[in-house]
Amino acid sequence: MKVAVLGAGAIGAYVGAALHRAGADVHLVARGPHLAAMRRDGVRVLSPRGDFTARAHATDDPGEIGPVDVVFLGLKANSYAACGPLIEPLLHDSTAVVAAQNGIPWWYFHRHDGPYDGLRVESVDPDGAVSAVIAPERAVGCVVYAATELEGPGVVRHLEGTRFSVGEPDRSVSTRCLAFSEAMQAGGLKCPVEPALRNDIWLKLLGNISFNPISALARATMRQMCLHGGTRQVIETMMRETLTVAEALGCEVGVSIERRLAGAERVGDHRTSTLQDLERGKPLELDVLLAAVVELAEITGVEVPTLRTVHAISDLLALRSAA
């Protein structure tokens, strides 16, 4: 299997290293000091499960790689619409794009087979800009349950979790999903093929929609947010509102809010990806996490006052941080 990791950051480089270790033909696309370090020393993975180094091909030019079987998309969702020049050289007629994004994906209602089948979520696919670059037919959904950080150029710190659930928008168990799952498992990762992947999307979103914006607003870690009484109550309310939207769309999360909070607290003093982006002066990935759910609440007629309030404040933060 030939795989290009487009956006070989903390998650992308971790997945690329695991696939390379399993014998896949892996190509990492990155830039700057991180790229230079991977070219020189490979990807160094530091993990409680054992450290290792993977010396996969690394480049800033996808044209060097050519068409691949799978593009593992490690970019932030807010950069998908502009990634055309990067992704086009990697595609052939049957290339799958495994999009490891948080939040509501641009393909969410593609082959949904329900009352909203084919609906475009404007917050994540404005005027179809993302679909024009990455056709929904290519998309394989991926929900990431692993926590990683870039400790330095070329160095990935794996904190916890190895699960990457994948699934087709039409809920089929496809050959391409099974092949990718087998390659990931050979690299030591968990990669179940989930026909009802949208349930996993909402389960992951239950934490992202609350912890990510609050962490950026409060500059707080997971443990700090869980242990602060008032903040914990706000997070619980945001989670309840999110569950109501998910249920209105026919999805079942299957995990209680208390269990979700307990899991987050066990993560400890981990900084969410949104907080890390804020500290590094990068754009905040809040449209797919928060704006999209507010939009879906409007579509389904669900009241989400707390989500609306946090969205309004965090949107101003995002605008100010981008200025």
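Four aromatic pairs are found in this structure, where rings of Phe, Tyr and Trp (its six-membered ring) pair if their centres lie within 6.5 Å, and planes under 30 degrees apart count as stacked, over 60 as edge-to-face and the rest as tilted. This is a predicted model, in which local features need pLDDT of at least 70, side-chain atom pairs count only at pLDDT 80 or more, and totals for chains, interfaces and linings use all residues. Residues are numbered from 1 along each chain as its sequence is written, and side-chain values use heavy atoms, with hydrogens and water left out.

## Rings and charges

Let us begin with Tyr-80 and Trp-106. Their ring centres are 5.6 Å apart and their planes stand at 90°, so this pair is edge-to-face. Tyr-80 lies in the loop between strand E6 (70–73) and helix H3 (84–87), while Trp-106 lies in the loop between strand E7 (96–99) and helix H4 (129–133), so the pair ties together parts that are 26 residues apart in sequence. Helices (H or I, at least four residues) and strands (E, at least two) are DSSP runs, numbered from the N terminus.

A second pair joins Tyr-108 and Phe-109, whose ring centres are 4.9 Å apart with planes at 80°, so it is edge-to-face. Ring pairs also link Tyr-108, Phe-109 and Tyr-116 into a cluster.

| Residue | Relative accessible area | Class |
|---|---|---|
| Tyr-80 | 1% | buried |
| Trp-106 | 6% | buried |
| Tyr-108 | 0% | buried |
| Phe-109 | 1% | buried |

A charge sits over a ring if NZ of Lys or CZ of Arg is within 6 Å of the ring centre and within 35 degrees of the ring normal. The charged end of Arg-198 sits over the ring of Tyr-108, 5.3 Å from the ring centre. Arg-21 places its charged end over the ring of Phe-52, 3.9 Å from the centre of that ring.

## The loop between E7 and H4

Most residues other than glycine have a negative phi. Arg-111, which is not a glycine, has a positive phi of about 50°, and it lies in the loop between E7 and H4. Asp-127 is found in the loop between E7 and H4 as well, with a positive phi near 55°. With a relative accessible area of 68%, Asp-127 is exposed.

## The chain as a whole

The protein chain has 12 helices and 11 strands. A compact globule of 323 residues would have a radius of gyration near 20 Å, and the 19 Å of this chain agrees; the radius is taken over C-alpha atoms, and the globule rule is 2.2 Å times the number of residues to the power 0.38. Along its principal axes, the C-alpha trace spans about 50 × 40 × 40 Å.

Of the 323 residues, 55% count as buried. The chain exposes about 13400 Å², and carbon and sulfur atoms supply 50% of that area, which comes from the Shrake-Rupley method with a 1.4 Å probe. Contact means heavy atoms within 4.5 Å. Among contacts between residues at least 6 apart in sequence, 73% join residues at least 24 apart.

## The annotated domain

UniProt, in an unreviewed entry, places the feature "domain: Ketopantoate reductase C-terminal" at residues 197–314; such annotations may be inferred rather than shown by experiment. This span is 76% helix and 0% strand, and its end C-alpha atoms lie 28 Å apart.

Which residues does Val-293 touch, leaving aside its neighbours within four places in sequence? Val-293 is in contact with Ile-104, Trp-202, Leu-205, Ile-209, Val-245 and Leu-307. Val-293 has its place in helix H11 and is buried at 0% relative accessibility. Its C-alpha atom is separated by 9.5 Å from that of Leu-205, 88 residues away along the chain.

Val-302 belongs to the loop between helix H11 (287–300) and helix H12 (305–322), and its 11% relative accessibility counts as buried. Beyond its neighbours within four places in sequence, Val-302 is in contact with Thr-244, Val-245, Ala-248 and Ala-297.

Thr-274, in helix H10 (residues 273–279), is buried at 1% relative accessibility.

Definitions and conventions
Buried < 20%, exposed > 50% of the residue type's maximum accessible area, 1.4 Å probe, protein only.
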